[in-house]
Amino acid sequence: IEIETSEKEKKSKDLASEILEIHKITSDIYQENLKTSDGQKIEKYFIDRGISSEYISKFKLGYSLNSYDQILKTMQGKFSSTAMTESGLFISTKKGYMDRFRDRIMFNIENTYGKSIAFAGRRIPWKPKNEEYVEQKYMNSPATPIYNKSMVLYGLNHTKDAINDINSVIVVEGYTDFLQ
């Protein structure tokens with residue numbers, strides 16, 4: 001059976017695939033950043049909060065460097081400008097585009113299939129509040145073609161089977177609350 005799809009549907013699927021790949025690479029980078037000297041402090045913070053190394057890895061927790069363009073430079077030339085703009089990972093400023101998340105503890109938000117679709121960045125508690133992007137305690141990905149905050153529960157991809165088995169769920173407010 002031959003199924004016809006419109007050109008618009010193909011472009012939409014291609015864009016979503018591209019954005020998913022951007023998020024996967026970004027998640028890998030944030031995890032890799034835990035190996036830096038600042039990243040090791042973040043990993044210790046997680047462990048001090050009762051989050052094991054196993055959970056740090058399983059939930060793909062990470063750290064965004066104090067850099068305006070680590071993610072931007074990695075993605076430039078590899079992905080379309082539309083996908084990069086629509087990914088929600090970059091902001092437009094007077095100086096051009098830059099990374100949305102800088103110098104933050106990073107929580108990887110996944111869909112029910114385990115694919116990275118968004119991020120939440122927490123201000124590092126021990127850093128002074130001296131720059132605009134550090135003022136907000138939490139910074140979340142905006143709505144994108146692959147992410148709608150009201151349609152996603154953090155960690156559901158890891159807990160859906162257990163929820164189904166016991167027919168019960170406890171919902172908590174924060175990412176760290178969930179992980180603890």
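Q: What share of the contacts in the protein between residues at least 6 apart in sequence join residues at least 24 apart?
A: In this predicted model, where local features need pLDDT of at least 70, side-chain atom pairs count only at pLDDT 80 or more and totals for chains, interfaces and linings use all residues, the share is 65%, a contact being heavy atoms within 4.5 Å. Residues are numbered from 1 along each chain as its sequence is written, and side-chain values use heavy atoms, with hydrogens and water left out.

Q: Why is Val-171 called exposed?
A: Exposed means over 50% relative accessible area, buried means under 20%, and partly exposed lies in between, with a 1.4 Å probe and protein chains only; Val-171 has a relative accessible area of 60%, and is therefore exposed. Val-171 lies in the loop between helix H7 (156–166) and helix H8 (175–179), helices being DSSP runs of H or I with at least four residues, and strands runs of E with at least two, numbered from the N terminus.

Q: Which residues touch the most other members of the largest nonpolar core?
A: A nonpolar core is a set of buried Ala, Val, Leu, Ile, Met, Phe, Trp, Tyr and Cys residues joined through side-chain atoms within 4.5 Å, and of the 38 residues in the largest one, Phe-46, Leu-61, Phe-107, Ile-109 and Tyr-154 touch the most other members. The largest share of this core, five residues, comes from H1.

Q: What is Phe-46 in contact with, leaving aside its neighbours within four places in sequence?
A: The contacts of Phe-46 beyond those neighbours include Ile-51, Leu-61 and Phe-107.
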